[in-house]
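User: I would like to learn how to read a few features of a structure. Please show me the model and take me through it.

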There are 2 protein chains.
Amino acid sequence: MGRPRTPLLSAERIAEAALSLVQSTGGFTMPGVAQKLKVRPSSLYNHVSSRDEIVELLRERAMSEVELPADDPERPWREVVADIMRSYRRSFARYPQLIPLLTEHAVNSTHAITMYNALAVTLARAGFDAADTLRAITLMDSFVLGAALDVAAPDEPWQSSAQVGPELAAALATGAPKPQRADDAFEFGLAVLLRGLRPAL
Amino acid sequence: MGRPRTPLLSAERIAEAALSLVQSTGGFTMPGVAQKLKVRPSSLYNHVSSRDEIVELLRERAMSEVELPADDPERPWREVVADIMRSYRRSFARYPQLIPLLTEHAVNSTHAITMYNALAVTLARAGFDAADTLRAITLMDSFVLGAALDVAAPDEPWQSSAQVGPELAAALATGAPKPQRADDAFEFGLAVLLRGLRPAL
């Protein structure tokens, strides 16, 4: 007979509870996570060292579907960067509520560092110097995270109103229903970015 | 003598309370706002019609420091767009926690529509067709909101670790301390974007 089975506490379950709190309330605290799991806050520390470690577990989850292309020095760098950015956006678009939490913490997870390494290698090979490599990676981050938030935007991100002028009204009328609108805008933005990015050779 | 003075309930105070909840917990509910203001939830509805109206009040606040350049059809369109984007980022960077909340609601506030009108007029004048105008505005939105989140990022957004490869390490070593790093990266991204954006004439 014994006690009813309860799943063992684990880093995985702790991250799951934190994610659910972020999705319902926008944030999480250690006491909130403990309450959700019906354990004492001190029990959490048998599995994670700190709140920061939970944030990194959430980052791993947001990045879990990022796929890196095979390393091929012969492939044009713009194609490699485009593949990474598409996959990065797709993975993050599953968890838009995590984005501000993740950006306010320093990146310190294996998945993430692996992706940033791949971008840095690709840009360095293309002839970007170290300073422009950092700037270009920051630009890609900003664009991808903004675009991931756009995936969660309503079908019509702008409401029609008397204040909408004719030029804006004409533009809004071209917006296809989601998810096509967001996907179409992302591909346009990606093309603009790759056209504008040039190594300072 | 009479009762101690308490500030009158107003849409302004309601928005203030919602903002403070978003900043501390990441989100807000009507009962939460009522509790914070020590009033009954039903009292809120004497001042705002819905939760959506509070979201739009928060959008107005996030956009309150957006300054639009004087309308000058002779000025190069890239300069006009650059002015608007700089001011848009600066204004939103004050409230990074609001960003996911605002992007998940359709835009329906005067400040915001006025800015989007200005962008649409500028792009249409530059020769962008209606579909590309919507795509370009979406790109600017994604980039600016991502860059506003970057302003709230830590001084060193990536932690050094054994996994950081030599190319990424060299790039990270060039990052000046905030706010210079984020500002510098934003100006680089803005230049890339404006170089890549071209009307399909």
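**Helix packing between chains**

Analyst: This is a predicted model. Helices α8(A) and α9(B) are roughly perpendicular to each other, since their axes cross at roughly 90°.

User: How is the packing of two helices described?

Analyst: Two packed helices are described by the angle between their axes and the distance between those axes. Here α8 (residues 130-151) of chain A and α9 (residues 166-173) of chain B have axes that come within 7 Å.

User: Which residues make the contact of α8(A) with α9(B)?

Analyst: A:A130, A:T133, A:L134 and A:I137 contribute from α8(A), and B:L168, B:A170, B:A171 and B:L172 from α9(B). By type, the residues of this contact are seven nonpolar, one polar and no charged.

User: What is the phi of A:K38, and where is A:K38 found?

Analyst: Most residues other than glycine have a negative phi. A:K38 is not a glycine, yet its phi is positive, about 55°. A:K38 sits in the loop between α2 (30-37) and α3 (41-44) of chain A. With a relative accessible area of 77%, A:K38 is exposed.

User: What about B:K38?

Analyst: B:K38 also has a positive phi of about 55°. B:K38 lies in the loop between α2 (30-37) and α3 (41-44) of chain B, and at 79% relative accessibility B:K38 is exposed.

User: How far can the coordinates of chain A be trusted?

Analyst: Where pLDDT is low, predicted coordinates should not be read in detail. Chain A has a mean pLDDT of 92, with 97% of its residues at 70 or more.

Terms used: Residues numbered from 1 in each chain as written. Chains lettered and ligands numbered in written order. Predicted model: local features only at pLDDT ≥ 70, side-chain atom pairs only at ≥ 80, totals over all residues. Heavy atoms only, no water. pLDDT = per-residue confidence, 0-100. Axes fitted to C-alpha atoms, helices over the stretch in contact; angles between N-to-C directions. Helix = DSSP H or I, 4+ residues; strand = E, 2+ residues; numbered from the N terminus. Parallel < 35°, antiparallel > 145°, perpendicular 65-115°, else oblique. Contact = heavy atoms within 4.5 Å. Nonpolar A, V, L, I, M, F, W, Y, C, P; charged D, E, K, R; others polar. Buried < 20%, exposed > 50% of the residue type's maximum accessible area, 1.4 Å probe, protein only.
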